[in-house]
Amino acid sequence: MKEKVLAFLKGQDQYVSGEEISSKLGVTRAGVWKNINKLKEDGYHIESITKRGYRLIATPDVITQSEIASIINTKLLGKDIHYYEKVDSTNEVAKTLAREGAAEGTLIMADKQLMGKGRLGKTWDSPSGTGIWMSLILRPHIIPGQASQLTLLAGLNMCEAIRRVTGLDCKIKWPNDIVINGKKVCGILAEMSAEMDGINHIILGIGVNVNIKSFEGELPHATSLYLESGKTYLRRYIVKEFLHLFEADYMHYKDEKSIAGFLKRYRKNCITLHHDIQVVTSEGKYIAYAKDIAEDGALVVIDSDNNEKTIFSGEVSVRGIYGYI
Ligand code: BT5
């Protein structure tokens, strides 16, 4: 009901009486009052004037369930949203919910993560109120080996969403980091629960540094949309853009079970291609030329002996010769 009241207030440019909200939404006057108070607690600036009613004056940069639900128009992703002010890791919450049977498309968002996770046990800085820390529960009918293709697709869509909302020149560092001016603005952590021949669920965790003004500790390769542009952004519009873009592509991917149709867009956005890169494996490092992205999303490189190699995400990490990209 809170989001219905919010959506209703957003649709008005005049004061609207409690009575009108109550009759339009089929809720008691006390219910209206209770939900208006809840919205105020969430940070919405709602003016109330006796005899005239309520008016939404300003919507802060909140990414609460009601705010996101009131602006998105999706069929699958974000139909169910769980918002937390603070959580250890949205991926961990998502895993628990997925095990309990949460529907595909369930979205978990947090304003702050206390133990945000990167890949391979690394940590992900997730300060309060300035980033997008979210996880989606997906249940595609693909084989486990294909799961990394979904993270490629999500990276592509987030790159496009950020560009659409901010106009910033962001690129994908293969497989799915998003970088601006050589620094990382977004990372993706996909975790999977699978059997030999099928996937129970994939948790797609995405972190975007939006309005972070400075990073604590040693993060020389990190940046934020604010640091790159000098502007602050409303996080919800990036979430909205991403969900809309990703939903369309994800539906298509589920039908095709292939990312071949997306590769043209991916290649166009990928900064790793056509550069010399450093490939870091568990056995050591070597320099290679990034030649192409294969049909299945793997990176095709040519090493210094002129041998062509195909590298799969998860097995290796890729670095620029002179820096992060
Ligand atoms: C990633 O790992 O890039 C995946 C990050 C995924 C974060 C999301 S937030 C929502 C969801 N819930 C979670 O708990 N996680 C996901 P990786 O490529 O391993 O990068 C981690 C490394 O990036 C760290 O070792 C740091 O060097 C650096 N780093 C940490 N925090 C950062 C930040 N906020 N921005 C940029 N770099 C960061």
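Q: Which helices each supply at least two residues of the lining of the largest cavity?
A: Helices α6 and α9 (263-269) each do so, where a helix is a DSSP run of H or I with at least four residues, a strand is a run of E with at least two, and both are numbered from the N terminus. The model is a predicted one, in which local features need pLDDT of at least 70 and side-chain atom pairs pLDDT 80 or more, while totals for chains, interfaces and linings use all residues. Residues are numbered from 1 along each chain as its sequence is written, and side-chain values use heavy atoms, without hydrogens or water.

Q: How do the lining residues divide into nonpolar, polar and charged?
A: Seven are nonpolar, one is polar and none is charged.

Q: What makes the sheet open, and which are its edge strands?
A: Seven strands form this open sheet in the order β3-β4-β5-β9-β8-β7-β6, with mixed pairing. Strands β3 (81-87) and β6 (171-173) are its edges, since each pairs on one side only, where pairing requires at least two DSSP bridges. Strand β3 pairs with β4 (residues 107-113) in the parallel sense over six bridges, and Val-87 stands opposite Gln-113 in β4.

Q: Which strands does helix α6 lie across?
A: Helix α6 (residues 147-166) lies across β5 (131-138), β6, β7 (177-180), β8 (183-194) and β9 (199-209), running at about 30° to β9. Helix α8 (residues 235-256) lies across β4, β5 and β9.

Q: Why is the pair of Phe-242 and Phe-246 called stacked?
A: Rings of Phe, Tyr and Trp (its six-membered ring) pair if their centres lie within 6.5 Å, and planes under 30 degrees apart count as stacked, over 60 as edge-to-face and the rest as tilted. By this rule the count comes to two aromatic pairs. In the pair of Phe-242 and Phe-246 the centres are 5.3 Å apart and the planes stand at 15°, so the pair is stacked. Both residues lie in helix α8, four residues apart, about one turn of the helix.

Key: Contact = heavy atoms within 4.5 Å. Axes fitted to C-alpha atoms, helices over the stretch in contact; angles between N-to-C directions. Nonpolar A, V, L, I, M, F, W, Y, C, P; charged D, E, K, R; others polar.
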